[in-house]
Amino acid sequence: YTRKDFGDWENRRFPGLSTWFEAKIADDATAPKRAMMLDPTGETEVKITLTLPGGYTVTVPTDVKHTTEFAEYTSTYTLKGDALTMDRTMRYKVRELPVSEFGAYRDFVKAVSDDAGQMLQLVGASAVKSKTARPDNAQASELMEQVYQEFRAHNYKSAREMLDRVRALNDQQSGLWGEYGAIDWNSDKAQAIADYRKEIELHPETLFAYKDLTNLLRGEGRWPEAEQTLAAWAKADPADAQPHVQLGSLQLMQKQYKDAEKSLQDAIALSTKPEMLKMELGKAQLKDGDTDTGKATMHGLMDTSDDAMLLNATAYELADAGLDLPASEAASKKAIQILETKAAAVTVQGANNEDFANVRRLAANWDTLGWIYFKEKNLSEAESYVQSAWLLLLEDPEAGLHMGKIYEAEGKKDEALTTYRLAVKAMGERQLPQNYADMRSEMNTRATALKAAGAHEKPAPRVQQGGDELAALRTYTIPSPLEGQYASADFLLLLGDNRAEDVRFLKGDESLKKTAPALEAVTFHSPLPRGSKAKVLRRGIVACTTGSKTCLLVLLPPSSARMDN
């Protein structure tokens with residue numbers, strides 16, 4: 001319910017109102033030159049009853065009464081069950097308003113319009129709001145609008161200063177602590193968490209606070225608290241599937257499979273596009289040991305879909321459980337055919353962000369098919385596909401785990417040991433969800449056993465001082481065309497089987513356009529799977545240092561490569 005519903009009545013009852021809005025009168029400079037005629041002969045009443053959607057209640061506005069010598073306005077709000085009644089009455093007391101009263105008239109109109117124009121915020125009926133929360137302050141509300149604008153413009157210092165002014169007016173203003181949390185996020189995460197929690201306690205209808213707090217807690221590895229926040233979000237907005245989706249995903253990562261099934265079923269019931277959620281449900285069912293139900297869920301999706309992501313996901317989960325390998329192989333090949341057809345049509349001149357996203361999807365699909373081959377004991381094909389995925393991604397621990405297991409099965413112990421160590425290094429020391437923590441633990445255990453059996457790591461690439469070993473695997477040396485001058489530039493490269501078939505200069509020192517032939521001559525560590533006709537789009541940075549006869553090409557990870565940065 002907004003001002004639009006009340007607009008016709010406002011325009012009839014307030015002479016000069018539209019002029020006031022357009023001019024945004026700040027003083028009496030635009031006051032009329034002669035008295036305004038009012039209408040004291042009658043009383044206008046607007047009464048509206050809204051039926052709230054099931055599962056929701058509403059933050060009931062405070063009743064309003066504005067009385068002047070020339071007019072009187074009242075509004076009352078009553079909530080009974082699921083019915084909200086709004087009753088507004090306007091009565092003028094005089095026929096003629098002298099020019100000297102225009103300032104008072106202007107203030108009266110603004111007060112009435114503030115009441116009529118306010119938004120009514122729905123919140124889940126089971127969400128508990130602080131009983132002591134004070135109603136919003138009108139002046140603070142106007143400042144909050146400015147805060148949002150400053151925040152969107154990244155003027156964080158100014159936004160904080162305005163928040164402090166809001167806090168002085170009303171330290172329980174809706175949105176206040178949520179915005180403090182957004183600003184504190186980068187400088188003091190503990191304070192940001194406290195900010196968001198205070199916002200939710202005072203105003204459970206501030207939905208963005210749940211989402212931000214969940215992301216912050218997940219980033220800090222505080223999984224149980226993130227789950228609690230998602231559960232509260234679901235209560236605050238019972239028609240939104242998203243909190244259930246995120247809760248199910250988090251529970252899956254924590255290996256809470258039975259809980260994940262319940263959350264995902266709730267999400268499916270609310271979602272308009274439930275297919276991927278049904279896949280996640282099938283995954284939870286399989287992981288929980290409910291094999292027949294899980295298979296039925298997966299086949300209900302896999303057997304009829306032409307969506308590459310859905311085909312890949314269902315094929316992987318069935319194969320990982322050792323189930324229906326021929327059907328999984330067929331679905332995986334179908335998905336790869338879809339993605340490779342797209343990839344084969346890419347050009348460096350027409351490249352876009354979706355093409356980079358397709359590279360990531362293609363690598364994930366290669367890993368899936370290779371893993372299916374591994375389950376089928378076709379080790380040669382398994383190595384071809386998973387190696388392509390691993391060397392392209394390098395930062396995906398699951399591909400590293402698969403690659404290591406394939407090498408072990410082939411008796412290539414040195415390669416397996418090297419792969420496990422690199423995959424573990426890519427995961428870092430941060431706190432991980434249970435499924436990734438178990439993955440890291442398994443690779444460390446396998447690496448220890450390989451060392452005990454006499455395995456030795458393969459020689460690593462030379463790492464520049466202060467550099468990173470994983471980045472070194474994406475780094476290549478080319479001749480410098482600049483006779484020892486410093487320069488850097490970004491390029492797009494379209495790779496076939498270990499070669500760049502086309503190169504495009506993107507930005508930087510234009511003198512480095514001359515490196516294109518050298519880039520096309522590089523032998524890359526990125527073989528395509530056997531028989532693949534795909535083209536792999538990569539973005540790289542060429543950097544030439546002062547006094548050096550060579551330049552370095554560093555390929556960006558597919559996860560961070562984009563056209564608009």
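Which helix gives the most to the lining of the largest pocket? The legends below take up this question and others for a predicted model.

**View 1. The largest pocket and the elements that line it.** The helix that gives the most to the lining of the largest pocket is α4, with 7 residues. The space inside this pocket comes to about 1800 Å³, and of the 47 residues that line it, Q118, M119, D136, S141 and S174 are the closest to its centre. At least two lining residues are supplied by each of α2 (17-23), β3, β4 (64-67), α3 (102-116), α4 (138-152) and α8.

**View 2. The largest nonpolar core around W366.** This core has 89 residues, and those with the most contacts inside it are W366, F491, L493, F524 and V542. Helix α16 (residues 353-375) provides the largest share of the core, 10 residues. Beyond its neighbours within four places in sequence, W366 is in contact with residues including I336, E340, Y385, L392, L528 and P529. Another core, of 20 residues, lies apart from this one and has A192, I193, L213 and L247 among its members.

**View 3. Helix α9 and what covers it.** Helix α9 (residues 223-236) has 14 residues and reaches 20 Å from its first C-alpha to its last, which is close to the 20 Å expected at 1.5 Å a residue. Its buried residues are W223, A226, E227, T229, L230, W233, A234 and A236, and what covers them includes β3 (56-58), β8 (122-124), α8 (207-219) and α10 (242-253).

How values were computed
Residues are numbered from 1 along each chain as its sequence is written. This is a predicted model: local features need pLDDT of at least 70, side-chain atom pairs count only at pLDDT 80 or more; totals for chains, interfaces and linings use all residues. Side-chain values use heavy atoms; hydrogens and water are left out. A nonpolar core is a set of buried Ala, Val, Leu, Ile, Met, Phe, Trp, Tyr and Cys residues joined through side-chain atoms within 4.5 Å. Buried means under 20% relative accessible area, exposed over 50%, partly exposed in between (1.4 Å probe, protein chains only). Helices (H or I, at least four residues) and strands (E, at least two) are DSSP runs, numbered from the N terminus. Contact means heavy atoms within 4.5 Å. The expected span of a helix is 1.5 Å times one less than its number of residues. On a 1 Å grid over the protein atoms alone, a cavity is a set of points where a 1.4 Å probe fits but cannot get out, and a pocket is an open set with protein on both sides within 12 Å along at least five of seven lines; lining residues have an atom within 4 Å of a point. Grid points are joined across faces, edges and corners, and a volume is the space filled by probe spheres set on the points.
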